[in-house]
Amino acid sequence: AIVGSGEGGLVPLVLSVLTGKPVGSEVSIGAEGDSYYEYLLKLWLQTNRTDAAVRARWDAARAGIATLTTHAEGPHRRPFVAPRVGGQLNPWMDHLSC
């Protein structure tokens, strides 16, 4: 089991298989990170929307994902979801983030 939900509902990409605690600080909803958030939503739906703990983690994750939103440089400045390492947003969008 994952211990805690991480900062702002987001879970770092690497978790200890022994403790379930986060190892490292990279957070992404792209490749490697997307499954946690996908399965939170699926689990809540599979429990017929009755598991309040799963719903609370999903709501926290949704709010946390908004903190990963940044804007591209240039004239159009389109928003995108960026990975975060050590508290800093990286200026790219991972595969599967969309």
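Student: Which residues of α1 meet which residues of α2?

Tutor: Keep in mind that this is a predicted model. On the α1 side, Y36, Y37, L40, L41, L43 and W44 make the contacts, and on the α2 side their partners are V54, R55, R57, W58 and A61.

Student: How do I describe two helices that pack like this?

Tutor: In general, a packed pair is described by the angle between the helix axes and the distance between those axes. Here, the axes of α1 and α2 come within 9 Å and cross at roughly 140°. That makes α1 oblique to α2, because an angle has to be over 145 degrees to count as roughly antiparallel. The crossing of this pair, α1 and α2, is left-handed.

Student: Which residues of α1 are buried?

Tutor: First, the general idea: an α-helix has 3.6 residues a turn, so residues three or four places apart point the same way. In α1, the buried residues are D34, Y36, Y37, L40 and W44. The buried residues of α1 pack against α2.

Student: What should I look for in a nonpolar core?

Tutor: Nonpolar side chains tend to be buried together in soluble globular proteins. The largest nonpolar core in this model has 14 residues, and those touching the most other members are L10, V27, I29, Y36, Y37, L40 and L68.

Student: Is A52 buried or exposed?

Tutor: A52 lies in helix α2. Its relative accessibility is 59%, so A52 counts as exposed, since the cut-off for exposed is over 50%.

Student: And N90, is that residue buried or exposed?

Tutor: N90 sits in the segment after β4. With 16% relative accessibility, N90 counts as buried, because buried means under 20%. Leaving aside residues up to four places away in sequence, N90 touches A82, P83 and V85.

Student: How many residues apart are A52 and N90 in sequence, and what is their distance in space?

Tutor: A52 and N90 are separated by 38 residues in sequence, and from C-alpha to C-alpha they are 33 Å apart in space.

Note on methods. Residues are numbered from 1 along each chain as its sequence is written. This is a predicted model: local features need pLDDT of at least 70, side-chain atom pairs count only at pLDDT 80 or more; totals for chains, interfaces and linings use all residues. Side-chain values use heavy atoms; hydrogens and water are left out. A nonpolar core is a set of buried Ala, Val, Leu, Ile, Met, Phe, Trp, Tyr and Cys residues joined through side-chain atoms within 4.5 Å. Buried means under 20% relative accessible area, exposed over 50%, partly exposed in between (1.4 Å probe, protein chains only). Helices (H or I, at least four residues) and strands (E, at least two) are DSSP runs, numbered from the N terminus. Contact means heavy atoms within 4.5 Å. Axes are lines fitted to C-alpha atoms, for helices over the stretch in contact, and angles run from 0 to 180 degrees between N-to-C directions. Angles under 35 degrees count as roughly parallel, over 145 as roughly antiparallel, 65 to 115 as roughly perpendicular and the rest as oblique. A crossing is left-handed if the near helix is turned anticlockwise from the far one by less than a right angle, and right-handed if clockwise.
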